[in-house]
Amino acid sequence: SSDVCSSDLAAYKTSEDYNAIAEWLDQCVDGNVSNTYMASLQEALDGKSAEDVMADVQKAAKEVADANK
């Protein structure tokens, strides 16, 4: 979409400076949470809001936490 707002652009530019995020997601985050995060980020490129991305990730994290009680 051509409706990229300045905050989206700023977040993208900030993320360009991230190093080793794939390793962090692979080693430090539960796979279900990591997979949800990556899938939701892809959907964000198609217009999904940051709030909806975070809601998906939080839901996955809660499911993992509940399963490990």
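Is S34 buried or exposed?

S34 is buried, with a relative accessible area of 9%, where buried means under 20%, exposed over 50% and partly exposed in between, for a 1.4 Å probe and protein chains only. The model is predicted, so that local features need pLDDT of at least 70 and side-chain atom pairs count only at pLDDT 80 or more, while totals for chains, interfaces and linings use all residues. Residues are numbered from 1 along each chain as its sequence is written, and side-chain values use heavy atoms, with hydrogens and water left out.

S34 lies in helix α3, and, residues up to four places away in sequence not being counted, S34 touches L25 and V29, contact being heavy atoms within 4.5 Å.

## Packing of α3 and α4

Helix α3 (residues 31-45) packs against helix α4 (residues 50-67) at an angle of about 170 degrees, and their axes are 9 Å apart. The two helices α3 and α4 are therefore roughly antiparallel, a term for angles over 145 degrees.

On the α3 side the contact is made by N32, V33, T36, Y37, S40, E43 and A44, which meet V53, D56, V57, A60, A61 and V64 in α4. These residues divide into eight nonpolar, three polar and two charged.

## The nonpolar core

The largest nonpolar core has six residues, namely L25, V29, V33, V57, A60 and V64, joined through side-chain atoms within 4.5 Å. Helix α4 gives the most to this core, with three residues. One of the core residues, V57, touches V33, T36 and Y37, again without counting residues up to four places away in sequence.

Conventions: Axes fitted to C-alpha atoms, helices over the stretch in contact; angles between N-to-C directions. Helix = DSSP H or I, 4+ residues; strand = E, 2+ residues; numbered from the N terminus. Parallel < 35°, antiparallel > 145°, perpendicular 65-115°, else oblique. Nonpolar A, V, L, I, M, F, W, Y, C, P; charged D, E, K, R; others polar.
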